[in-house]
Amino acid sequence: MSYKPNHHKLRRTRVSQEEYRLLQKLRERSPAQNPPKRPPTLGDRIADKVAATMGSWRFIILQSGVLTLWIILNVVAAVSHWDPYPFILLNLALSFQAAYAAPIIMMSQNRQADIDREEAKHDFEVNLKAELEIELLHDKMNLLREFEVVEICELLQQQAERLQRIEDHLNHSLTASARDELQGQPE
């Protein structure tokens, strides 16, 4: 029994040279650590605060109360009519609010999209590094297993040869003793 491993498989790994170079770059950058984030500018902080405020129930309830009060005061005329029906001044104020709120909220959303994009890139690099490291470990394990199989087969071959020598020696000894017995018996 003789085992002949495929030596060409011993040299082949599943991680290509390009993937290995990429893995080296990723190891140098340590993508598993959180990347440094640029501090938000004053404009970023204002945009985030405005978006957080205008996107809250508190703001919606407060604004609804102010609008209701505005309409009631102008309809009842408890105070002089500063904005009679159809509430042109109220429409102008809400238009100004919408004109400024929309771009500010968009700035905040764009900044958040940039942050999300960076985090997704970072996550991709971490996952890619982990995948390549695992693939490299698989390759190393396969190589070790292949070498162990070769070594075990060589040891089995040596054991078989030893057993064959012992068997030949026993056969030779038995044949010699049988010959001696035959020679020692009278015919």
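A residue is called buried here when its relative accessible area is under 20%, exposed when that area is over 50%, and partly exposed in between. The model to which these terms are applied is a predicted one.

After α4 comes Ala 77, which has a positive phi, near 65°.

An annotation from the sequence record may be set beside this description. The unreviewed UniProt entry assigns the label "transmembrane region" to residues 59-79 and 85-107.

Attention now turns to the nonpolar residues. The largest nonpolar core has 6 residues in all: Val 15, Leu 23, Leu 26, Leu 128, Leu 132 and Leu 136. Helices α2 (17-29) and α5 (88-184) each supply at least two residues of this core, and α5 gives the largest share, 3 residues. Neighbours within four places in sequence aside, Leu 132 contacts Val 15, Glu 19, Leu 22 and Leu 23.

The charged side chains form a further part of the picture. How many salt bridges does the structure hold? There are 3. In one of them, Arg 111 is paired with Asp 48, with the closest N and O atoms 2.2 Å apart. Because Arg 111 belongs to helix α5 and Asp 48 to helix α3, this pair ties together parts that are 63 residues apart in sequence. Arg 111 is buried, since its relative accessible area is 16%, whereas Asp 48, at 22%, counts as partly exposed.

Another salt bridge links Asp 44 with Arg 38, the closest N and O atoms lying 3.3 Å apart. Asp 44 is situated in helix α3, which covers residues 42-54. Its relative accessibility is 16%, and Asp 44 is therefore classed as buried; Arg 38, at 57%, is classed as exposed. Which residues does Asp 44 contact, leaving aside its neighbours within four places in sequence? They are Arg 38 and Arg 111. Asp 44 can also be located relative to Ile 104: the two are 60 residues apart in sequence, and their C-alpha atoms are 9.3 Å apart in space.

The remaining salt bridge to consider joins the side chains of Arg 117 and Asp 114, at an N to O distance of 2.5 Å. Both residues are in helix α5 and are 3 residues apart, so about one helical turn separates them. Arg 117 counts as exposed at 53% relative accessibility, while Asp 114 counts as partly exposed at 40%.

Note on methods:
Residues numbered from 1 in each chain as written. Predicted model: local features only at pLDDT ≥ 70, side-chain atom pairs only at ≥ 80, totals over all residues. Heavy atoms only, no water. Helix = DSSP H or I, 4+ residues; strand = E, 2+ residues; numbered from the N terminus. Buried < 20%, exposed > 50% of the residue type's maximum accessible area, 1.4 Å probe, protein only. Contact = heavy atoms within 4.5 Å. UniProt positions renumbered as here; feature names shortened; annotations may be inferred. Core = buried A, V, L, I, M, F, W, Y, C linked by side-chain atoms within 4.5 Å. Salt bridge = Lys/Arg side-chain N within 4 Å of Asp/Glu carboxyl O.
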